[in-house]
Amino acid sequence: LDHKLLVESNLFGPETQVLLEHFSHEGKVEGLGLIREHMQRDRILKLWKKAGMTSDDVGILADADETVSRDFLRAIQSCDFPQFDAETENCDTPKVAVASMVFEGSPECMTVTRKWMHPDIILGKCIEGIGDDSFKLTDDQRHRPFAWRKPKFTKKGNYSGWPKEKATYPLWNAADFRRDQGGFKFIFEDVSYLRFRMG
C-alpha cells in the first residue's frame, strides 16, 4: 500500500524519484534511549544521498505529526534564506527549526505553556553524507555511533575541539538534526497561522 501511494501514484509529480525504505533493527545495539531512532533517521540521510541530494539542496527531517504544509514548502523553495545559501553558510548553526503550538489529541485542545521545536531544516552542505566529508566527525567525537556530537564539537561548547583553521564547522548527522541548537526559528504562535505550517 505504501509503495502504491508514495511511489507508483505520481503523488510528487511524474519526474520526481521517490525512494521508500522500511527500517527494522531488533538486534542488540550500543546505546540506550533514542539510539534506534537515530539509526532510522541515519537511513533517511543515506536515502537523500542515493536520491542525488547536493550541497545546495535543503533537507527537512520530520516525524509524521510534524508535517509542514505545501505553502510552507513552497516558501522554503522559493524565498531567499541566508541559512540556505551554500556559498556563505559555514555550518556553525545551520539548523532552522519550525516551532508551533502544541495540541493534545485535537486542535481544539491547545496547550498554552508548551512549544514543539520541530521539524528541522538544514542545508545539504552541512549534512553528513551530503557535505564535504573532510568536515565529518568521527565516532570518537560523538557519544557513540549514530549519536549526537560531544559538547566540544557544538556551538554551545564553542567548538573548542574543532580545528580553528577549518573554514566550515562539523557536518550534522541525524541525531544532531534533532538535538542540537539551531540558528533560526519559524514561530507560529496563533492558531490562525497553523494552516501555513501544518498540512
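Leu 5, Leu 11 and Phe 12 make up a nonpolar patch on the surface, and together they have about 310 Å² of accessible area. Patches are built from residues with over 30% relative accessible area and no salt bridge; like charges are joined within 9 Å, and nonpolar side chains (Val, Leu, Ile, Met, Phe, Trp, Tyr) within 5 Å. A salt bridge is a side-chain nitrogen of Lys or Arg within 4 Å of a carboxyl oxygen of Asp or Glu. Leu 11 sits in the loop between α1 (2-8) and α2.

The model is predicted: local features need pLDDT of at least 70, side-chain atom pairs count only at pLDDT 80 or more, and totals for chains, interfaces and linings use all residues. Residues are numbered from 1 along each chain as its sequence is written, and side-chain values use heavy atoms, with hydrogens and water left out. The predictor's confidence in each residue is given by pLDDT, from 0 to 100. Its mean over the protein is 82, and 85% of the residues reach 70 or more. Over residues 195-199, pLDDT stays under 50. For that segment the model has 22 contacts beyond four places in sequence. Contact means heavy atoms within 4.5 Å.

The protein contains 5 helices and 5 strands. Their order along the sequence is α-α-β-α-β-β-β-α-β-α. Helices (H or I, at least four residues) and strands (E, at least two) are DSSP runs, numbered from the N terminus. Among contacts with a separation of 6 or more, 67% join residues 24 or more positions apart. The protein exposes about 12300 Å², of which carbon and sulfur atoms supply 51%. Of the 199 residues, 36% are buried. Buried means under 20% relative accessible area, exposed over 50%, and partly exposed in between (1.4 Å probe, protein chains only).

The largest nonpolar core has 12 residues, including Leu 45, Trp 48, Ile 127, Trp 172 and Phe 177. Helices α2 and α4 (174-179) each supply at least two residues of this core. Apart from it lies another core, of 9 residues, among them Val 68, Phe 84, Val 96 and Val 98. A nonpolar core is a set of buried Ala, Val, Leu, Ile, Met, Phe, Trp, Tyr and Cys residues joined through side-chain atoms within 4.5 Å. Beyond its neighbours within four places in sequence, Leu 45 contacts Ile 127, Glu 128, Ile 130, Trp 172, Asn 173, Ala 174 and Phe 177.

Ile 121 belongs to strand β4. With 0% relative accessibility, Ile 121 is buried. Not counting residues up to four places away in sequence, Ile 121 touches several residues, including Val 58, Ile 60, Phe 72, Phe 84, Lys 95, Val 98 and Phe 177. Ile 121 and Ala 62 are 59 residues apart in sequence, yet 8.8 Å apart in space, C-alpha to C-alpha.

The structure holds 10 salt bridges. Side chains of opposite charge can pair when their charged atoms come close. Arg 41 is buried at 6% relative accessible area, whereas Glu 37 is partly exposed at 27%. Lys 46 pairs with Asp 42, with the closest N and O atoms 2.6 Å apart. Both lie in helix α2, again 4 residues apart, or about one turn. Lys 46 is partly exposed at 44%, while Asp 42 is buried at 10%.

Asp 120 and Lys 95 are joined by a salt bridge of 3.6 Å, N to O. This pair links distant parts of the chain, 25 residues apart: Asp 120 is in strand β4 (residues 120-123), and Lys 95 is in the loop between α3 (70-78) and β2 (96-103). Both Asp 120 and Lys 95 are buried. A network of salt bridges links Glu 37, Arg 41, Asp 63, Lys 95, Asp 120 and Arg 178.

Most residues other than glycine have a negative phi. Asn 158 has a positive phi, near 60 degrees. Tyr 159 also has a positive phi, near 50 degrees. Asn 158 is exposed at 60% relative accessible area, but Tyr 159 is buried at 4%.

Note on methods. Areas by Shrake-Rupley, 256 points an atom, 1.4 Å probe, with all protein chains shown as cover.
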